[in-house]
Amino acid sequence: MVSLRRIAAVSALATACALGGIAGLASREASSQSARAPDPALLPGSGIHAIRHVIVIMQENRSFDSYFGTYPGADGIPVAGGQPAVCNPDPRTQSCVRPFPVHADRNRGGVHDAVASAADIDGGMMDRFIATTEQSRGCGATADTDCSGNGTGAPDGVMGFHTASDIPNYWSYAHHFVLQDHMFPPVSSWSLPTHLAMVSAWSAVCADDRDPMSCHSSPSGLVAGKTAATSWYPWTDITYLLHAHHVSWGYFLDGGTVHGAGSSARGVPYMWNLLPRFRDVVANNQAANVQPLSRFMRAAAAGRLPAVSWVVPQLADSEHPPSLVSRGQAFVTRVVNAVMRSPNWKHSAIFLAWDDFGGFYDHVSPPRVDTIGYGIRVPGIVISPYARAGYVDHQILSFDAYLKFVEDDFLGGQRLDPASDGRPDSRPDVRENLAVLGNLLRDFNFKQKPRPPLLLPVSPATTLTGG
C-alpha cells in the first residue's frame, strides 16, 4: 500500500474541518480489567437467561454515518443550518467535501487497514477519508475515471451516505428494536483481525503457531508470508469455553467455504472463516460445527438452533464494496425472518453488525483502549422479543460485548481470561472487562411481554439505483 504521509494541502484545509466526536477515552490503565461483584441480573433464573439462542450476523464494511447518519435521535452527521456541518479536505481538488446522500446500490468504499484507519482518524479530527483513498489509488492532480469527483466510485464517494428509503429493512429493525450508535469494531483494521477478535477478543501474531504464549497483539492478524488459508491461531477462542461448559454452537457459512476466485466466487472467504484455524477448535474436535448456512435455516425451522450461532455471508451477500447493498439487506432479512418464524424466536437475541467501516466516513473518533482498538464506528442492531422498542443505545460498545453477553448468559460470567479460563495465552488484557465497555443488558427489557416477530419483505421497494 502507498505510504500515508501528510499532504500539506490537506493540513491547510483540515483546520476548516473540525469534526465532532468522542474524545479519546481512558488510558489502558484506567480501562483495565477490574474485579466485580456478581451482577444480580446474571444469577440463575434472572432476565438474561430468557435468551437461550444468541445469533451474531456479521456483514461487511459500512460506517455508522454511511447507513444511519440521518437516523433521528442517533449520534449522526452533525448538521447546522440544514446541511452537514462537517467536511473532509480533498487534496486533489483543494476543496472540502461535506457528507452527501448517495442512492447507488453499488459503492466503492476506501482502503481500511490499520495504517489507513489511523490516517483517517487523524488524532481525532476524522478528516482524511478522501485523502487516504486518493493516496491508496495514486491519485494526482490529473483527473481520471478512478480519481475524478462527483461519483460513487470516486475518492470523495467515501463521504456518501444512504438514507432510510435505500435500506428500509435496516431502519425498520432500528425503529422496532434497538439501534446502537457507538458500536466500534474491536480492532482498528480490516476484516481478518476483526473476525479473529469477534470469536476470541484478540487479534495477534505468534512466533510459534502452536504456542499461545508466543503471541503478541497485532492489528493485522497475519504473520509475514502467511494467508488466512495457511495461518494457525493457538490462543483461546470462545468456543473453547462453550465446549467446556457443554454449550452448543455453530458457525454458519453462506454458500459454504469459498470455491472459485475473484468477486464471483461462491462461499465465505477464508478471511471471514477463521474458526477452523484455531488450534483449540481442532483439539476439541469441534471443526464440524462450522457448517453451511442451510443447516442453520433447517435448525431454525425445526426449533433446534444452537445456543450460540454466527452467520457469515459470502461476498455477494456481504455489502462489502462493490457488492450490492440491496442483496446484503435481502440476505440479512432472510436470516432474521427464519429466526422469527422459528419456535426458538421467543428465546432469541440477534446481534447484527458490520465488521469494519470500509473506508466510509464517520464523524466520531473511536476510543483508544489498547494497541489494537477500537476501530472506526459501525452500525449495531439488537433484534429480540425482549429488545427495548425504538431505543437508541448510546453506550460505548464493541464486538467484545457480544462475547461478554454469551459468557454471562451461558458460562456463569467466565471470561476469556488466561488467569482463570484453564487455557493460558499471552493476551495483555481481558477485553470483556474493560471499564469503557458497555453492557448489552441495557438493550433488553425482560419484564416486557415478548414481542411478536416483525417479518419484512426480502426485497422491499427502495430508492437504490443501478446494480
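**Exercise 1.** State the volume of the second largest pocket and describe its lining.

*Solution.* The volume of the second largest pocket is about 230 Å³. A pocket here is an open set of points on a 1 Å grid over the protein atoms alone, where a 1.4 Å probe fits, with protein on both sides within 12 Å along at least five of seven lines; lining residues have an atom within 4 Å of a point. Next, identify the lining: 15 residues contribute, and Ala118, Ile121, Ser188, Arg368 and Tyr374 lie nearest the centre. Finally, sort the lining by class: 8 residues are nonpolar, 6 polar and 1 charged.

The model is predicted, with local features requiring pLDDT of at least 70 and side-chain atom pairs pLDDT 80 or more, while totals for chains, interfaces and linings use all residues. Residues are numbered from 1 along each chain as its sequence is written, and side-chain values use heavy atoms, without hydrogens and water.

**Exercise 2.** Determine how helix H11 is covered and what follows it.

*Solution.* Begin with the chain, which has 11 helices and 17 strands (DSSP runs of H or I, at least four residues, and of E, at least two). After H11 comes Gly412, with a positive phi near 65°.

Terms used:
Buried < 20%, exposed > 50% of the residue type's maximum accessible area, 1.4 Å probe, protein only. Points joined across faces, edges and corners; volume = space filled by probe spheres on them. Nonpolar A, V, L, I, M, F, W, Y, C, P; charged D, E, K, R; others polar.
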